[in-house]
Amino acid sequence: LPEQMSAALPVMDRLAAGGYEAVFVGGCVRDTLLGRAITDVDIASSAKPEQVMELFERTVPTGIQHGTVTVLHGEMAYEVTTFREESVYAKHRKPESVTFISSLEGDLLRRDLTFNAIALRSDGTVVDPFGGMDDLKNGIVRCVGHAETRYEEDALRMLRMIRFTAEFRFRPTFGTWKALLKQRELLKHIAMERVRMELDKMIAGSSPAIAFWLLARSGLLHHVKEPLPAAVVAVLDAAAAHPDRLGRHAEAIEAVDRLAELDDRWAALLIHMGLTLEEAAAAMKTLRFSGSRHTHAAGVLAVHQEALRLLGTAREPAKLRESWIGIVLRYGEATASCWLSMNEAGAISVERAAASRFKQWLNEMPVFSVKQLDINGRQLSERMDRKPGPWTGQWLERLLYEVACGQLANNRQRLLERAEIWNAEEG
Ligand code: ATP
Ligand code: MG
């Protein structure tokens, strides 16, 4: 048993001593059987939420109406969920209310895939009514029960199926896949936030390229609630047209998993999809990216496009350097550095020599923002004897650029002298 699960044994024992059944269930059991690291420990129990809260001193009523209570034990938190069934699925998504039941088998029956419906008792016995262990061994993804019905109840399960298929590099059964093709338009009932969260897990996972290909082949993303930009759909269709490859996107998208950070992976994906800034922005908006995530990915994409344009126009090195410094200042050091490290990781490919020159030029820059200048807007306007206005910001930017390029020392006296020349020129 992994450490996180053995640490939870006292919680299981307490539930048992209270006269309730308690088992490990879900991802932690599945991942342990696969020999993978587990993320969180989920416990299912015949105890009702109030009964769980009576048994333990420190609890959080995380989702009482769904039967979930978080039990705090030592440094850890465990979600204890009452055995339940989900009788009514309104609008093809998770039910608002559930019925608590006393049978473990009944609880396993509501779960989506056979390998997600395996329970493990504290004495080590396994409860596996749907052959989940065999499916894990054989690398097979299979719905619990009638696949068409299970997707009809909750359309999000189609995305989960694809996620696990990619993550473990398994194969869905014929019926599990065919049912998805039949029910895929039901995805329109799922909120875009929840779609994005599943996509995030796919992109962050072990095989984002396989996930991308399965999404393309299934045509599932054609049926999201709010249509994705036509350019995104076109890339998916192009990938789907290749029977066992990603087509021209293959190698590029494969390389996305060389990046550690989820949002860098998204940025690389947007780059490889060949989207314009507008298309990428529209896609992220539709997928409800937060402002900061959007800014990061859009920034990296913009740096990439501008850097390529720059290299395409093949200017002399001095000009190339100055234009690159302009890009770094416009999008920020963090974004430009991120783009460079994505290149180094081999997740996007810009000519190696060019990328290393860009890197060197960036490392040589003495300043990256006007805040680092040895002068501010007030000092500038006092010395020029002009009222502060848009011009102050513009002049600071010009000074910043010259300092960043190494044409001007970052010294108040030098900066003011430079500004005085402009002042005289403007007369
Ligand atoms: P991970 O946490 O790695 O994403 P997980 O399998 O633990 O994987 P959770 O979303 O934490 O996924 O759900 C825990 C368990 O609840 C699943 O293993 C599955 O048994 C069940 N489950 C989750 N979502 C659904 C769903 N939409 N339909 C049916 N069962 C589900
Ligand atoms: Mg989980």
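## Residues 263-418

Over residues 263-418 the chain is 72% helix and 0% strand. The end C-alpha atoms of this stretch are 41 Å apart. Helices (H or I, at least four residues) and strands (E, at least two) are DSSP runs, numbered from the N terminus. UniProt, in an unreviewed entry, lists residues 263-418 as "domain: CCA-adding enzyme C-terminal".

## Basis

This is a predicted model: local features need pLDDT of at least 70, side-chain atom pairs count only at pLDDT 80 or more, and totals for chains, interfaces and linings use all residues. Residues are numbered from 1 along each chain as its sequence is written, while chains are lettered from A and ligands numbered from 1 in the order in which they are written.

## The sheet

Seven strands form an open sheet with mixed pairing, in the order β3-β4-β5-β2-β1-β8-β9. Strands pair if DSSP finds at least two bridges between them. β3 (59-63) and β9 (126-127) are the edges; each has a single partner strand, so one side of each lacks a neighbour in the sheet.

β1 (residues 22-25) pairs with β2 (residues 42-45) in the antiparallel sense, over three bridges. Phenylalanine 24 has isoleucine 43 in β2 as its bridge partner. Helix α3 (residues 27-34) packs on the sheet and touches β1, β2 and β8 (119-121). Contact means C-beta atoms, placed from the backbone, within 7 Å.

## Helices α14 and α16

α14 (residues 262-272) meets α16 (residues 291-312) through Asp263, Trp266, Ala267, Leu270 and Ile271. Their partners in α16 are Arg293, His296, Ala297, Val300, Leu301 and His304.

Notes:
Two residues are in contact if their C-beta atoms, placed from the backbone, lie within 7 Å. UniProt positions are given in the numbering used here, feature names are shortened, and annotations may be inferred rather than shown by experiment. Axes are lines fitted to C-alpha atoms, for helices over the stretch in contact, and angles run from 0 to 180 degrees between N-to-C directions.
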